[in-house]
Amino acid sequence: MSWKTVALVGFLVGTVAMAPSMRATAQEGSATAIVTFNKDVLPILQKNCQTCHRPGEVAPMSLLTYQEVRPWAKAIKGAVVSRTMPPWFADPAYGHFTNDMRLSDADIKTLVAWIDGSASEGNAKDKPAPVTFVEGWGLEPEMVIEMPQDIHLKATGTINYQNILVKVNFPEDRWVVAADLRPGNAQVVHHMRANIRPPGSAFMKGAVPGVAYDTADPVNGPGNDLDLLGKFNPGLGAQDFSRYESAKFVPKGSDVVFNMHYTATGKETTDRSRLALVFAKHPPKLRYFVNVGPQALNLVIPAGDRNAQIVSEMTVTADTQLVYMQPHMHVRGKDYEVRLFFPSGESKTIFKAKWDFNWQQGVDLDKPIPLPAGTRIVGIAHFNNSAENKSNPDPTKVVLWGPQNWDEMQNCFMGFLVDPGMKDPTKLFKVSGPSLLPKGTFGPTLATLSLTAQQ
Ligand code: HEC
């Protein structure tokens, strides 16, 4: 860099006291102003980070002010360049999602330019007003369902996923157009879901309402008839199901099951979370229905395998539309792909994501995908059952399907738009292909797909 460039940049910004960032700016090949916290960085953090990184929320540190952010500059660079933050796992090469949290390349460049440059605060008059976050409901609740008692949480260590039954016993059939979940204690609630348990379900049949049961507890029982009502991820806010003149259905006599991922905070504490609902004024044109998707109940993951492929499949028996996907695996999961095989013979990958057991993220498709009757929905997952996987409880074990964290699962919750008159939407789907095979010594893998594809 020549002294001439420095002089020019210095002239443009009206000061020569910030040599390091001028150097960075000059290397970028631009003579624009120095990147400062107040002008350039804070707006990015407000929009993309502060929903989680503020006092009382789930992230480990607050990123509201210069004083709070400056010591984390290096860690922030690492996190944004590697795209571990904001947490988002879907591969942008496949599909577009309305809840995509990724930073733009330009924002990453700005953050890095600031960190590698002056990392200065800049001019106070450039500072945007602080963001006011919605602390209450993100909707006008017509009904609030609260856990009936405090859930006690230990100070340290892993807290397994917990299910908590709330006896709501809905007095009549209801159509829900919006839902919002609020943690009682945002510091401990990493994320949560509220499921509809229809009347007559075997799920949590003997469970005491309000008591937190490990999801691996035998009392849970089979949960294939549950429908997802709402979810909470930090920053997600209220969910609107009316986008397609649609609504979620809650049959008369249903109860609600909260599914909680708590993280220990270093001190014993409690939580009592709540769900708020808004009901439809008119019956909807479409029902928004979530089911468990393709499942590999027959999965076998060999001991020590660092890239075990497991494939599952279900077939759509009548025309429908896909709007939501949320893969599910346990601690050995690496990645998950959804591939559609249309009756026309065409196939297409519509979703691919890395897997992180902690986050259990779902994606909302920006446009529904029409699935003609006969479409095969195939889930393709990889697992790391080797010692390289730091979360692996036992690399010497052959792993089968099961509810414990040391067992595995392979499925993908999916949201569909279906005819609201349909009595039992689970009948829309039938188990097919690799998911029908008896348990082998590994797999089922993609190789079995062509063998099982005759129809
Ligand atoms: C959806 C919530 C959420 C959002 C949005 C988010 N973070 Fe985080 N962040 C977390 C949580 C929770 C952790 C703790 C680790 C974990 O659970 O993955 C974390 C950890 C981090 C860490 C690592 C801290 C350490 O101990 O080394 C950095 C750095 C970070 N976040 C920066 C950012 C930045 C910068 C943004 C915005 C561009 C951002 N995060 C957006 C929730 C979030």
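**View 1**
In strand β12 (residues 274-279), L275 is the bridge partner of L181. The model is predicted; local features require a pLDDT of at least 70 and side-chain atom pairs a pLDDT of 80 or more, whereas totals for chains, interfaces and linings use all residues. Residues are numbered from 1 along each chain as its sequence is written. Strand β4 (residues 174-182) is antiparallel to β12, and six bridges link the two. Strand β1 (residues 143-146) also pairs with β12 (residues 274-279), in the antiparallel sense and over four bridges. Within this second pairing, E146 has R274 of β12 as its bridge partner. Strands are DSSP runs of E with at least two residues, helices are runs of H or I with at least four, and both are numbered from the N terminus. Two strands count as paired if DSSP finds at least two bridges between them.

**View 1. The open sheet containing strands β3 and β10.**
Five strands form an open sheet in the order β6-β3-β10-β5-β7, and their pairing is antiparallel. Strands β6 (212-214) and β7 (227-232) each have a single partner strand, so one side of each lacks a neighbour in the sheet. From one strand to the next, the twist averages 25°. Such angles are taken between N-to-C directions and run from 0 to 180 degrees, the axes being lines fitted to C-alpha atoms, for helices over the stretch in contact. Within the sheet, strand β3 (residues 162-166) and strand β10 (residues 255-262) run antiparallel and are joined by five bridges. I164 has F258 of β10 as its bridge partner. In a regular strand, side chains alternate between the two faces of the sheet.

**View 2**
Opposite R339 stands V378 in β20.

**View 3. The loop residue A373.**
A373 is placed in the loop between β19 (363-371) and β20. A residue is buried if 20 or more other C-beta atoms lie within 10 Å of its own, exposed if 12 or fewer do, and partly exposed in between, with C-beta atoms placed from the backbone. A373 counts as exposed because it has 12 C-beta neighbours inside 10 Å. Between A373 and V58 the separation is 315 residues in sequence and 42 Å in space, C-alpha to C-alpha.

**View 4. The shell around the ligand.**
There are 22 residues around the ligand, and C49, C52, A59, A75 and M85 come nearest. A residue is near a molecule or strand if its C-beta atom, placed from the backbone, lies within 6 Å of it. Helix α5 (residues 73-81) supplies the largest share of the shell, four residues. By type, the shell comprises 16 nonpolar residues, six polar and no charged. Nonpolar here means Ala, Val, Leu, Ile, Met, Phe, Trp, Tyr, Cys and Pro; Asp, Glu, Lys and Arg count as charged, and the others, Gly among them, as polar. Domain 1 (35-126) and domain 2 (143-284) each contribute at least three residues to the shell, the domain bounds being taken from an automatic or database domain assignment.

The buried residues of α6 are L111, A113, W114 and I115. In the loop between α5 and α6 lies P86, and the peptide bond from M85 to P86 is cis, with omega near -15°. R83 lies in the loop between α5 and α6. Although R83 is not a glycine, its phi is positive, about 55°. R83 counts as partly exposed because it has 15 C-beta neighbours inside 10 Å.
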